[in-house]
Amino acid sequence: MSLVQDTLVIYKREMLLFRSNLRTNIIRSIMFPLVFIVFLGNLGNTPSNIPVAIVNLAGNVQSQQFISALSQQNALSVKAITTQQQAINMLDSDQVNVVIIILPQFNGQVQNAPTIDVYYLNQQLSLGNSLQFITSTAQKFNSQVSSVQQKAYLPGAAAGSAQISFTPTYGTSSSYRDFLTGSVVVMVAVFGATFGGGMSIIMDRQLGNLKAFLITPINKNAIVFGKLLYGATTAVLYSMFALLIGLAFGVTVAMGIAGLLWIIPIVILTSFGFTGLTIVLASRINRIEVYTIAAQAISMPIWFISGAFFPTSSMPGWLQAVSAVDPLTYATNGVRDVIINGSYPLGAAAFNIFVQLAFIGIMVYLGMRMFRGTIEEGK
Amino acid sequence: MAKQNMIEIKNLVKRFGDFKAVDDISLSVKEGEIFGILGPNGAGKTTTINVVLGLLKPTSGSVKIDDLDAHANPERIKQMLGLMTQETVVEGDLTAWDNLELFAELYHVPKGEIPKRVKRALEDAELTDKAYVRAGTFSGGMKRRLELVKSMIQEPKVLILDEPTTGLDVQNRHKLWERIKELNQKGITIILTTQYLEEADALCDRLAIIDHGKIKAIGTVSELKSKVGKGNILEIIVKQSETNDALRILKKFGVNGSVKVDRVVGNIEKEPTKTFNKISNELEKQKISVLSISMHLPTLDDVFITLTGSKIRDEAGGSDDAARMRAWRGR
């Protein structure tokens, strides 16, 4: 009988086991993304009551409505100031983080011309997402925004400059939640691998199932391949859960539905590689406790270094070098391109996939070799 | 039925590092018999079985099954062997049906035949009405029944039972014995390892006693019993300080005794009742404080003590595992 058929039998068995513990598995797979995306996603993102000074030079009905729309949000704490100079002084002395000047032409009739000036210090943390919020509110009033960074501010250059522009630390996207979702989608695949690959091999060994498999005439590699397939299936499932949680909490996939065509293969490749890694671990470790610690000790740094929480570009040089050899970096980069940047250049994709394939090749080869080694010893 | 050798083990040695788990074992199991392998924990029973099953490579020596070299023909050999182990390994999270179907598939039973076989196996195990119930909810006896039919799903010629009744209550144990006998009557060769002498006595046509990886004796139960000597076994338990006195008294009545801690054991060959009374009177006369005195026909227990110098040990954790762990760390 062929390796393929044996693999499918093992795969079927794993899926039956998965199904019989469906509720536990789903709850476990939802908890992690829920905690990260929903709670940690707020980090540096929406500090509420950011002090904002508004100077209303228009003084018409629309401008009043615009101010009250801004005031209704917890995100901003709006103060009305009479003169522009006074407001800028407040910005200088750190009394406010943003200054909004509503220009006289603010009436919804002049299109394609700035009707608001926004001054701010270029400090991401103190701004949160107040700038996006101001921009989007202004757009509802059919109004354009120009912005001036306070440091670059020269009185004459203010009006007429470009649209609000700032470079947040977390890529071109506005939200830290978007940023984090990309890495959580990949990370659940790694966690799926630790449960599905190595841990299930140790359980099988402890319960005697492995011996029961080995006395049957199946191809021994089928056990490894069956676990790889199972790991990939659950990884895709868990990643989709994570993505859905992200979507439910306002994350958008910049590439849209087409993005899934990238995300799913990236997740599958990630799962293959890390399931291989956990099989290597499980071939050397017999106790669940030790395995769990080892798996975490390996997967946690791999995750952090991959740029899961902050972009690798913000890391110190030596850490950037480490992250370059972290296989998860390439998966995270891919998913992030899809979710945040909205385009995944083929060259980058090819390189990322190549790195992942190399990782899979090494891990699966080692996993198979070492797994067979343990069998020969009669474990 | 042609009584040819179903299994032939020749000069089998299996080392784990420096530890010799199996030390030059040779034995043969005839077709259609129930062959027992008896020994304390760590004697090398499971290691021997694992070599026969092809799970372990022998360090030296050979294993032939139905005239085929076990390690040259793993595919065919595996189809011929069934195994039920001391740990019940039915998957608790799967239904009885799924458990059986899975193994039918692992054994490459033709697709079309699988449902038929699973059905019949469930009938044999009296679990038809529990086919779609999770095996984890079954009682110990039910699990063991399911395990037994599972290990028979590929219709093997040889069924290996590795301590099949460990942990079962008396009723279930006797039921399982009946099933084993039934299977044997259908022509299946059975190899049984056990620590229960009673079990070996009740089931086995022939048995081998192994200890420290070596065969101590091999033969039918009555052959082995007669090795202990004719007559009756006398066993006296006294204070440790008085064992030599008791030994002297035995000698006086022509009984050669031996001492194990506070236990003096001898073999009364002639006039057992009379000699027993005389010895018992003499012990009283000499004011030796006897805690227990008894006489019985030789049992497998006695055979065992005579051959291995110890009672069946029941250590926690087999030293098979300990040996493997040692081998593991040694690398």
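**Entry: the largest cavity.** I sorted the lining of the largest cavity by class and found six nonpolar, six polar and four charged residues. My classes are these: Ala, Val, Leu, Ile, Met, Phe, Trp, Tyr, Cys and Pro count as nonpolar, Asp, Glu, Lys and Arg as charged, and the others, Gly among them, as polar. A note on the source: this is a predicted model, where local features need pLDDT of at least 70 and side-chain atom pairs count only at pLDDT 80 or more, while totals for chains, interfaces and linings use all residues. Residues are numbered from 1 along each chain as its sequence is written, chains are lettered from A and ligands numbered from 1 in the order in which they are written, and side-chain values use heavy atoms, with hydrogens and water left out.

I looked up the volume of the largest cavity, and it is about 120 Å³. Of its 16 lining residues, Ala212(A), Ile215(A), Leu83(B), Glu147(B) and Lys150(B) are the closest to the centre. Two or more lining residues come from each of α8 (209-214) of chain A and β6 (81-84) and α5 (140-150) of chain B. Helices (H or I, at least four residues) and strands (E, at least two) are DSSP runs, numbered from the N terminus. The structure holds five cavities of 30 Å³ or more.

For the terms, I use a 1 Å grid over the protein atoms alone: a cavity is a set of points where a 1.4 Å probe fits but cannot get out, a pocket is an open set with protein on both sides within 12 Å along at least five of seven lines, and lining residues have an atom within 4 Å of a point. Grid points are joined across faces, edges and corners, and a volume is the space filled by probe spheres set on the points.

**Entry: the second largest pocket.** Which element gives the most to this lining? I found that α7(A) does, with eight residues. The pocket has a volume of about 600 Å³. Its lining has 27 residues, and nearest the centre lie Leu17(A), Asn21(A), Ser200(A), Met203(A) and Asp93(B). By class I get ten nonpolar, ten polar and seven charged.

**Entry: α7(A) with α13(A).** I followed α7(A) to helix α13 (residues 327-341) of chain A: their axes come within 9 Å and cross at roughly 135°. Axes are lines fitted to C-alpha atoms, for helices over the stretch in contact, and angles run from 0 to 180 degrees between N-to-C directions. The two helices are therefore oblique to each other. Angles under 35 degrees count as roughly parallel, over 145 as roughly antiparallel, 65 to 115 as roughly perpendicular and the rest as oblique. Their crossing is right-handed. A crossing is left-handed if the near helix is turned anticlockwise from the far one by less than a right angle, and right-handed if clockwise.

**Entry: α2(A) with α9(A).** Here I read an angle of about 40°, with the axes 9 Å apart. This crossing is right-handed. Residues of α2(A) in the contact (heavy atoms within 4.5 Å) include Ile26(A) and Leu34(A), and those of α9(A) include Tyr238(A) and Phe241(A).

**Entry: across the chains.** Helix α1 (residues 3-20) of chain A packs with helix α3 (residues 96-106) of chain B at about 165°, with axes 10 Å apart. I therefore call α1(A) and α3(B) roughly antiparallel, and their crossing is left-handed. Among the residues that meet are Arg13(A) and Leu16(A) in α1(A), and Glu101(B) and Leu102(B) in α3(B). The classes here are five nonpolar, no polar and five charged residues.
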